[in-house]
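Please try each task on the structure before you read its solution.

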Amino acid sequence: MSSSFFALPLCKTCCFISHLSKCSPPPVAFSLPTAIHPQLHLRKPSTAPLFATNFSADISEVIELHADIHGQETSSDGDQEDEELENFDAEVLEIEARRAVKEFSDSLSRELNIEGEVSKQKGTRGKQKKHTNPISNIPDHLLPKIAIVGRPNVGKSALFNRLVGGNRAIVVDEPGVTRDRLYGRSYWGDYEFMVVDTGGVLTISKYHEERAISTTIGMEGIPLVSREAAVARMPSMVERQATVAVEESSVIIFVVDGQAGLTAADVEIGDWLRKNYSHKYIVLAVNKCESPRKGTLQASDFWGLGFSPLPISALSGSGTGDLLDSVCSQLKKTEHIENPDTEEHVPSIAIVGRPNVGKSSILNALVGENRTIVSPISGTTRDAIDTEFTGPDGQKWHLIDTAGIRKKASVASSGSTTEALSVNRAFRAIRRSDVVALVIEAMACITEQDFKIAEQIEREGKGCLIVVNKWDTIPNKNQQTAMFYEEDVRGKLRILSWAPVVYSTAIEGQSVDKITVTAGLVAKERSRRLSTATLNQVVSEAVAFKPPPRTRGGKRGRIYYCTQAAIRPPTFVFFVNDAKLFPETYQRYMEKQLRSSAGFPGTPIRLLWRSRRKSEKNG
């Protein structure tokens with residue numbers, strides 16, 4: 001008897017959607033008598049959503065014929081699974097999916113606790129109690145500013161942390177730690193304002209700077225003359241940052257050290273403030289007056305500066321209430337804006353990478369001013385510098401410049417508490433950002449440290465774009481140079497194979513606008529949501545093309561339902577018969593199929609696999 005071959009798309013063991021067929025083993029093709037063949041009216045492979053309980057009537061004859069071929073004997077387990085599947089409720093599964101995402105998020109947060117808290121406590125002179133500011137919809141640039149100035153190592157950053165809450169600024173018992181302007185939002189009573197921390201001005205210890213440069217990795221290729229020039233320019237650049245903060249502020253807090261007494265540097269700063277900023281309200285804060293009795297005596301030494309001294313302690317908080325009363329007496333209340341449009345989410349871009357790759361130059365090129373200090377000195381940036389920025393298209397951004405991230409072993413061997421805290425803040429900036437711009441130097445090879453930073457970005461679930469800076473240093477470029485370079489980058493950073501690559505020369509301002517344009521596309525993809533019908537159609541086609549592998553015991557995984565339970569990053573929950581039947585290789589295959597069919601460039605995607613029986617028990 002002649003026979004012909006055809007494929008059977010509706011088969012349970014072949015892992016298709018239908019739960020109606022129960023054949024075993026799963027045939028790719030099989031033969032039927034010619035007499036039976038004309039009775040079959042098979043459709044094309046189904047691309048309907050995975051979770052489907054209603055089938056059209058014209059399938060019934062196929063079902064009956066399928067039963068005749070394989071016999072009516074079926075396992076009790078299969079009947080039980082089919083009965084349970086028919087009783088599934090999509091709403092219940094959606095709730096279970098959201099619960100699964102929350103469990104995964106909580107577990108991941110515990111794993112990603114940023115290390116270095118012990119070092120931070122050792123470096124600070126006290127614990128700062130973090131307080132939460134009242135919710136306000138007033139933009140930062142509309143709030144009045146208060147600048148904190150003074151010579152190095154008088155406690156400016158400690159006072160900044162006290163006013164804004166938490167440990168925003170790095171506090172270490174050594175001079176010259178703070179360099180760039182650091183902004184923080186604070187309030188006192190009905191008043192809300194911005195506090196600006198600055199670096200120590202005028203008498204920065206040259207010995208400290210020279211020692212920091214000579215022991216910092218990353219300066220080997222810079223000539224000695226350039227190093228000395230960078231050292232000589234650093235104090236003036238720090239002073240310039242402090243001057244900008246004073247000029248844009250309504251009130252100035254002049255901080256001095258009550259334990260050290262009056263110094264020539266304090267007198268010089270006081271003369272500078274009286275001469276140039278006499279029209280502004282200046283408060284003289286005598287810090288480190290922990291004792292109430294000795295505080296008055298310590299403050300009396302500073303009457304010669306021409307201001308009324310106010311004893312305070314940034315460490316314990318004593319006297320800061322009187323300080324804020326004096327400051328707020330000269331501020332105007334900013335009324336709340338009732339326009340709800342101002343409360344829209346402003347995406348954040350964290351600029352991270354190894355030292356000396358041009359992160360600060362990119363920030364300055366984007367904002368169009370010298371917001372941060374740019375120097376060949378490795379490790380110039382220490383704090384995470386937050387800046388508001390509006391792009392040419394009107395899109396608002398929150399830019400975060402970070403310190404260069406070296407290997408953990410290198411940081412530990414250097415013994416620098418400041419660098420350890422700087423790296424800690426860089427990783428914290430990744431966590432609080434929406435999109436991360438991973439900056440690499442064009443002429444430098446991608447190192448293991450670049451891969452570790454990329455790995456952290458992927459684990460945090462952040463959108464990412466790879467910025468190849470200093471592109472002008474590549475000699476003899478042609479049309480294929482960028483293509484070959486991108487292939488090399490993706491080969492070495494496979495964990496970020498989905499991230500777009502942007503080429504720029506920040507020092508000359510070339511192509512830096514592409515960074516925000518690409519980041520905008522990444523942010524949209526990170527917030528994109530697929531409909532359940534579209535998602536299940538993509539998954540069904542992927543399963544039809546490549547079914548899950550069969551175990552030695554003959555078991556095979558079945559996907560019952562799939563839904564996108566979260567965004568930022570896109571998270572998909574798969575309800576299956578047994579999650580253990582889907583190995584990591586198949587999970588990666590499913591991720592590739594989702595990307596090829598649905599896109600999601602520039603953002604990681606999460607796939608969570610939930611066993612059906614387990615989810616029912618939890619319910």
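A residue is called buried when its relative accessible area is under 20%, exposed when it is over 50%, and partly exposed in between, with a 1.4 Å probe and protein chains only. The structure is a predicted model, in which local features need pLDDT of at least 70 and side-chain atom pairs count only at pLDDT 80 or more, while totals for chains, interfaces and linings use all residues. Residues are numbered from 1 along each chain as its sequence is written, and side-chain values use heavy atoms, with hydrogens and water left out.

**Exercise 1.** Find out where in the chain the partners Glu 460 and Arg 431 lie, and decide whether Arg 431 is buried, partly exposed or exposed.

*Solution.* Side chains of opposite charge can pair when their charged atoms come close. The rule used here asks for a side-chain nitrogen of Lys or Arg within 4 Å of a carboxyl oxygen of Asp or Glu. Glu 460 and Arg 431 form such a salt bridge, with 3.4 Å from N to O. The two partners belong to distant parts of the chain, since Glu 460 is in helix α14 (residues 448-460) and Arg 431 is in helix α13 (residues 417-431), 29 residues apart. Arg 431 has a relative accessibility of 30% and therefore counts as partly exposed, whereas Glu 460, at 12%, is buried.

**Exercise 2.** Describe the salt bridge between Lys 470 and Glu 441, and state how many salt bridges the rule gives.

*Solution.* The closest N and O atoms of Lys 470 and Glu 441 are 3.7 Å apart. Lys 470 sits in the loop between β13 (463-469) and α15 (481-492), and Glu 441 in strand β12 (residues 435-441). Lys 470 is partly exposed because its relative accessibility is 26%, and Glu 441 is partly exposed at 23%. The count comes to 25 salt bridges, and a network of them links Glu 96, Arg 99, Glu 103 and Arg 610.

**Exercise 3.** Which word describes how α17 and α18 lie to each other?

*Solution.* Helices here are DSSP runs (H or I, at least four residues), and strands are runs of E of at least two, numbered from the N terminus. Helix α17 (residues 532-545) and helix α18 (residues 584-598) pack at an angle of about 125°, with their axes 10 Å apart. Angles under 35 degrees count as roughly parallel, over 145 as roughly antiparallel, 65 to 115 as roughly perpendicular and the rest as oblique. The helices α17 and α18 are therefore oblique to each other.

Methods: Axes fitted to C-alpha atoms, helices over the stretch in contact; angles between N-to-C directions.
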